[in-house]
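Dear colleague,

Please find below the sequence and the structure that I am handing over to you. My findings follow directly after them.

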Amino acid sequence: MSARGAAVIELAGVSKSFGGVTALREVDFTLRAGEIHGLVGENGAGKSTLMKIIAGVHADYAGRFLLDGRPVHFRTVRDARAAGIAMVHQELSIAPDLTVAENVFLGAQLTNRFGVVQWRRMARTAREQLARLGIDVDPGRRIGELPIGLQQLVELARVLFSGARIVILDEPTSALSAPEIERLFATLRQLRSQGTSMVFISHFIDDILGVADAVTVFRNGRNVATMPAREASKGSLIASMIGHGHAGLEESYTQGIPLPPAADSPVVLEADNLVLGRTLRGVSFDVRRGEVLGIYGFMGCGQIELARALFGRARPDRGAIRVAGRKLRRASPAAARRAGIAFVPESRRAMLFHQEPVYKNVTISVLGRLSALLLRPAQERTLAQRQIENLRIRAPDADALLGTLSGGNQQKVGLARWLSWPPRVLVLSEPTRGMDVGAKDEVVRIVRELRAQGIAVVIASAEPETVLAMADRILVLRKGELVKQFAGEVVSKDRLLEAA
Ligand SMILES: Nc1ncnc2c1ncn2[C@@H]1O[C@H](COP(=O)(O)OP(=O)(O)OP(=O)(O)O)[C@@H](O)[C@H]1O
Ligand SMILES: [Mg+2]
């Protein structure tokens, strides 16, 4: 083990482009032994690309890469693994149909000396490792059945306990609750004390400042600053990420914001006494035309299930959903869509088509309507191009494959599709997850635009800032029950947290 402080990874003058797009320009980056190195930057700044070079995903790049002072050039992920480097990718790479234990040991199954897979031992070890992250889950469960936060933890366990001495975590906390994040950080600190070096990418600057020893800021493919974390502040990091001061979602909301007086426009959506197992215990509310209703609660309090139920993705045991006074007879996405409800889920991966061009992803939700209008491909592209510009999606053009966009930009595509063909009700689950501060402000702007068009918007989120920045009225959900409503009054982050 090298002494703390010695450079384990040194990149010098690393550049990388994809076709015409330059992702990295002459980047220098040093990771020291036993350090947690935070990496921040706007969507598309090049963070994931640099880390994928270290992890052997991208072999085609220019510049020098020293590992323990010796030049290396990984050709494959396997090369990097052999050198003790492992990465948790921004997009979960779990196999939904395998069990929890199989996922923990994905690609590294435990076998005895005859090469026979030791299922019992794997299950036991998986349970122990997950327990270190504070998770109690049956290792035999199919992972696809678990909530996304647990899936993320299983993936983290796989990499953190793989024995790698250099671990890269690309946005590992986006689906985790506050206590889960705390346990993750405790594990990271423990690994650090054992000499593991880690890179931690996140848009949550408080998280970075809470756990990192050093911070590097990326802007537009460049490393614009590296500093000890104790010399960095939230404001200074955001300023160097964006290049200028920023308000919007990064406001602290400690002063509180005034909610507008209650809307008196017609009710568009009504939820009446929704019951769903133990996650929703009789939830009733309504949303009016041109109103943004925020549903806030800690992770796991039922807001995700509620959003899914509104779109017919989850089938309530009891209760009714009415749109413009008409009861939905069946709980199904098709019925919800017919009634004019649109849904952007928290896991946008499932609804996007990575091998298709951006423009198809923007227009796909409306293909029914498009074909009715006999829209030609050229018009389809024009429509998409307008939304790309409107949302400032960083893509070379509308024909770029979606899979080539940065994570945050892919999410903007998920929202873009609703702008040209507004639904009656738009349900957004965790709409700003994985987005940088600039992109979050753009989501705020889009939601305001939709509201101005008379759409009823429901935002379910465990991020208080997200709800405070957008909602006209806020409902607080605790363990599946609505416990508080904020309307026509001043509400601060503290009051919101207190109520939950
Ligand atoms: N496989 C690829 N093919 C083409 N272009 C790519 C590919 N991967 C990344 N890019 C481009 O490289 C640039 C940097 O992307 P990268 O994914 O590194 O950003 P990021 O900083 O991780 O952003 P985010 O916070 O949104 O995840 C972007 O313009 C992106 O579109
Ligand atoms: Mg990324």
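By class, the shell around ligand 1 holds twelve polar residues, five nonpolar ones and three charged ones. Please bear in mind that this is a predicted model. Of the 20 residues around ligand 1, those that come nearest are Phe18, Asn43, Ser48, Thr404 and Gly408. Strand S2 (21–32), helix H1 (47–54) and helix H14 (407–420) are the elements that give two or more residues to this shell.

Strand S4 (residues 62–67) and S5 run antiparallel and are joined by two bridges. Opposite Arg70 in S5 stands Leu67.

A further open sheet is formed by six strands, and its pairing is mixed; the order is S17-S18-S19-S14-S20-S21. Strand S17 (341–344) and strand S21 (481–487) each have a single partner strand, so one side of each is left without a neighbour in the sheet. On average, neighbouring strands here are turned by 20° against each other, direction ignored.

Ala342 has Leu426 in S18 as its bridge partner.

Helix H9 (residues 303–310) lies across strand S14 (292–296), S17, S18, strand S19 (456–461) and strand S20 (473–478), and runs at about 150° to S19.

Finally, a word on confidence. The chain has a mean pLDDT of 84, and 90% of its residues reach 70 or more. Over residues 245–250, however, pLDDT stays under 50, and the model has 16 contacts beyond four places in sequence for them. The stretch of residues 366–373 also has pLDDT below 50, with six contacts in the model beyond near neighbours in sequence. Where pLDDT is low, the predicted coordinates should not be read in detail.

With kind regards

Note on methods
Residues numbered from 1 in each chain as written. Chains lettered and ligands numbered in written order. Predicted model: local features only at pLDDT ≥ 70, side-chain atom pairs only at ≥ 80, totals over all residues. Near = placed C-beta within 6 Å. Helix = DSSP H or I, 4+ residues; strand = E, 2+ residues; numbered from the N terminus. Nonpolar A, V, L, I, M, F, W, Y, C, P; charged D, E, K, R; others polar. Pairing = 2+ DSSP bridges. Axes fitted to C-alpha atoms, helices over the stretch in contact; angles between N-to-C directions. Contact = placed C-beta atoms within 7 Å. pLDDT = per-residue confidence, 0-100.
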